[in-house]
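Subject: Structure handover

Hello,

Here is the structure we spoke about, followed by notes on what was found in it. Please read the notes with the model open.

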Amino acid sequence: MGLSADNNERAIFATKFGAVATTVGSAVGLGNIWRFPYEAGIHGGGAFMICYLAFVFMIGIPLLCAEFCIGRGTRSNIFGAYRKLRPDRNWHFAGYIGILASILILSFYSVVAGWTIEYCLSSLFGQLDFSDTQTGHGQFVNLTTGWRPVIWTFVFLMCNFIILIGGVTKGIERASNILMPLFFILLAAFCINSFTLPGFKEGVTFLFKPDFSKISPSVLLGALGQAFFSLSLGLGCMMTYASYFNKDNRLGKTAVTTAVLDSSVAILAGIVIFPAVFSFGISPEAGPTLVFEVLPYIFSRFPGGAAWSTLFFLLLFLASLTSTVSMSEISITYFCEEKRWSRKKATVVSSAIGAVGGLLCALSFGPLNHLTIYGMTFFDMFDYLSSNICLPIGGMICSIFTGWLINKRFVKDELTDNGKHRFRLLSLLLFFLRWICPAAIFLIFLNSIGII
Ligand code: TRP
């Protein structure tokens, strides 16, 4: 498999390409294809896009660098890493936020991944009807109300479980190496198709033309949450992956590559979805169901639509798996390394908790949809709490920690590989980690609770 044992018992990625592909594999998933278009849709398109991109570059890249430095420098999970670097304080409580967030995310993520399995199989067996909007919506309602989604959520969690029980990243690296480029190509092909749709201009204008008057506290918070979610930031996931990086991995470069590839996939997905939204008269504000209602129409325009649809949902399912595997690693490494549990026990317990959360989220579209808190179902609540609250808080702690509390020398050594190459932007990076990232996150929080 792709990993080889390191002398101090932790595995490392065999190749640099593999390490980058796996990191991108964690970042690219439903966050790009499903969450980005629906969040952009409800938050006014262009206004959301510009905030999202600003956050990816201003906050995302510096935080990726920070998580990479801490992870590779300490070769530990988030708890061990914070403790090793600052034994005097309880900084590692950030790890608990990470575990909470990873379980919340796993719960609703598995439901959506379950929908992809359902759509993949339905297309394969010719049960998806690609004719008009009413059927698109009707089919979605059909597939997601009742108990069926619970079954698919569990099937997905089972797949996740099987991969995890096999060892750290066994097989994932190899799979990501092939699948991520393939997924990218397929998406690019659908993107080209968008140019031929009657709603192309309207869709692209919606997505790219910022209407600054639409930037509201909820747009800012939504875009911040999306940047964190999409880059797998804020809960120590990238830290854990970086702890498997080779010493010669240039962390700054890997951070930029990850951010650029990840946001390109999100933008491509937007170009695929929005022209179709306007061509077929669907509301861009449909919410979490948007992509699943729209995609079947896109496929119906292709000869052999069902085959394309099957392939697309299959790849999306696999992209989701590489993401859930990465988020499950947080709680598993915690139980294994901090609590000294066996990997098997840790995996069983984490998956079981995920299954309970998954059950609540899967039923949110059917039997439990009237059960709401502040107008949010379990599904919405889990998503909101994790992405918009826990991840930015985790990120804020990480940036303050890296910017202020750990030795500058440590950060420099990691980024330059002990001086082997230059990292010219070190001062700028530290400036961002010290001031810009924590301040921006803090202000957005204050803004969204109405204080400023
Ligand atoms: N980034 C992934 C996506 O876009 C989801 C994900 C994987 C994630 N690991 C994470 C989100 C850790 C937050 C934290 O689909």
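Met396 counts as buried because its relative accessibility is 16%; buried means under 20% relative accessible area, exposed over 50%, and partly exposed in between (1.4 Å probe, protein chains only). Met396 is part of helix H16, residues 378-405. Helices (H or I, at least four residues) and strands (E, at least two) are DSSP runs, numbered from the N terminus. Apart from neighbours within four places in sequence, Met396 is in contact with Pro438, Ile441 and Phe442, where contact means heavy atoms within 4.5 Å. Met396 and Phe442 lie 46 residues apart in sequence, and their C-alpha atoms are 8.1 Å apart in space.

Before going on, a note on the source. This is a predicted model, in which local features need pLDDT of at least 70 and side-chain atom pairs count only at pLDDT 80 or more, while totals for chains, interfaces and linings use all residues. Residues are numbered from 1 along each chain as its sequence is written, and side-chain values use heavy atoms, with hydrogens and water left out.

The whole protein

The protein has 18 helices and two strands. Along the principal axes, the C-alpha atoms fill a box of roughly 60 × 50 × 40 Å. Of the 452 residues, 61% are buried. Among contacts between residues at least 6 apart in sequence, 82% join residues at least 24 apart. The accessible surface comes to about 17,300 Å², and 67% of that belongs to carbon and sulfur atoms. Accessible areas come from the Shrake-Rupley method with a 1.4 Å probe; for residues, only the protein chains shown count as cover.

Helix H17 and its ends

At the start of H17, a side-chain oxygen of Asn407 comes to within 3.1 Å of the backbone nitrogen of Arg409. This is a polar contact: a pair of N or O atoms within 3.5 Å, where within protein one must be able to donate a hydrogen and the other to accept it, and residues adjacent in sequence count only if both atoms are side-chain atoms. Phe410, Val411, Glu414, Leu415 and Thr416 are the buried residues of H17. They pack against H3, H4, helix H12 (251-279), H16 and H18. Asp417 follows H17 and has a positive phi, near 55°.

The loop between H3 and H4

Asn77 sits in the loop between helix H3 (46-74) and helix H4 (78-85). With a relative accessible area of 2%, Asn77 is buried. Its side chain reaches the backbone nitrogen of Gly80 at 3.0 Å.

A nonpolar patch

Which residues form a nonpolar patch on the surface? They are Trp404, Leu425, Leu428, Phe431 and Trp435, with about 560 Å² of accessible area together. Patches are made of residues with over 30% relative accessible area and no salt bridge, like charges being joined within 9 Å and nonpolar side chains (Val, Leu, Ile, Met, Phe, Trp, Tyr) within 5 Å. A salt bridge is a side-chain nitrogen of Lys or Arg within 4 Å of a carboxyl oxygen of Asp or Glu. Helix H18 (residues 426-448) gives the most to the patch, three residues. Leu425 lies in the loop between helix H17 (408-416) and H18, and counts as exposed at 52% relative accessibility.

Regards
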